[in-house]
Amino acid sequence: MENQNSEKDKNITVETTENTEQKNIETNNNMTANEENKETKTELPKKSAKKKKTTRYYIFESIRMVVMIAALCVFTYSSYELTNIYLDYQEGDDAYANMEDQFLVPNIEVSDADEPETDMYGNKISAGTAVAEFSFDFDALLQVNSSAVGWIKQENIISYPIIQGMDNTYYLSHNAAHQSNKSGAIFVDYRVEGGLEAKNCIIYGHDMLNNSMFGSLIKYGSESYYQSHKTFDIYVGHDLYRYYVFAAYETDEVGYTYTYNFNSDEEFQAYIDDCMGRRLYGTDIGTNVSVNDKIITLSTCTRHDDTKRFIVQLVRGEKVEQ
């Protein structure tokens, strides 16, 4: 019995050992297979990720290159345009500087005045400003442009001949000497009968970004600017007059502001009242503009809306001694 039991135990031990070894082998095989699968699974995404990264890289580089080339083109074009604008501005400034030297002669005697004077409304003005600071050679200007009607001057800010041509387009792109230039000229609406002697003389000028031509007019949007620049000196032919700012406002490019013919004093007074109602602030003139006065409407573009215009209106005051 003991021998039989011993044999059975041996057989069981052998079987158990064999089973255990078989299980270990299977386990090892499974582990090896799993590891191989894991390696395979791990390697495949790596290869795939590498391919995707490479594709994305080239796509990104291509887009970046296109953007850089486009930016370079825009920069080059912008620089070219800015250079052209600067050259046009400089050409216009030089041309008018030459005209100013040619037709305006400084009046040295102005510096000798020492007593303050008053204007037509009793307002005090600085010493000497009621005397012409420049003599204007109107006849000489007519030799250059037979359509010249006068000269407009405000300190060292504005100083240009005034032209009245056959239409309202030519002097948008030509200066007073008939030279082609984007600065154009300061010109009277060709439809205004009587020019600077009309009840309402409309004068146009470009709003240049360097504040040349009528570029400074938009500063009248600020009352503080008006307080420092209340008058203009304007030659009407050979005669010089002091004009006073009485209104500044923005309006549509076409409208009532550009009325130049009046059938009666009542119509003209209604126009004056309308202008007074539009102004951004009160001026020293108050409402002392009547149908017996001559006014000038200065018009230029605005910088925020192509359909709008900025208006500065002047009333003729005293004739200035020359």
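The model is predicted, so local features need pLDDT of at least 70 and side-chain atom pairs count only at pLDDT 80 or more, while totals for chains, interfaces and linings use all residues. Residues are numbered from 1 along each chain as its sequence is written, and side-chain values use heavy atoms, with hydrogens and water left out.

Colour the chain by pLDDT (the predictor's confidence in each residue, from 0 to 100): the mean for the protein chain is 80, and 69% of its residues reach 70 or more. Next select residues 39–44, where pLDDT stays under 50 and the model has 1 contact (heavy atoms within 4.5 Å) beyond four places in sequence. Residues 123–129 also have pLDDT below 50, yet this stretch has 19 contacts beyond near neighbours in sequence. Where pLDDT is low, the predicted coordinates should not be read in detail.

Now select Asn-168, which sits in the loop between strand E6 (158–163) and strand E7 (186–188), strands being DSSP runs of at least two residues, numbered from the N terminus. Asn-168 counts as buried because its relative accessibility is 19%, the class being under 20% relative accessible area with a 1.4 Å probe and protein chains only. Show Asp-189 and Tyr-190 as well: the side chain of Asn-168 makes a polar contact of 3.3 Å with the side chain of Asp-189 and reaches the backbone nitrogen of Tyr-190 at 3.1 Å. Here a polar contact is a pair of N or O atoms within 3.5 Å, where, within protein, one must be able to donate a hydrogen and the other to accept it, and residues adjacent in sequence count only if both atoms are side-chain atoms. Residues touched by Asn-168, leaving aside those up to four places away in sequence, include Phe-187, Val-188 and Tyr-204.

Definitions and conventions:
Helices (H or I, at least four residues) and strands (E, at least two) are DSSP runs, numbered from the N terminus. Buried means under 20% relative accessible area, exposed over 50%, partly exposed in between (1.4 Å probe, protein chains only).
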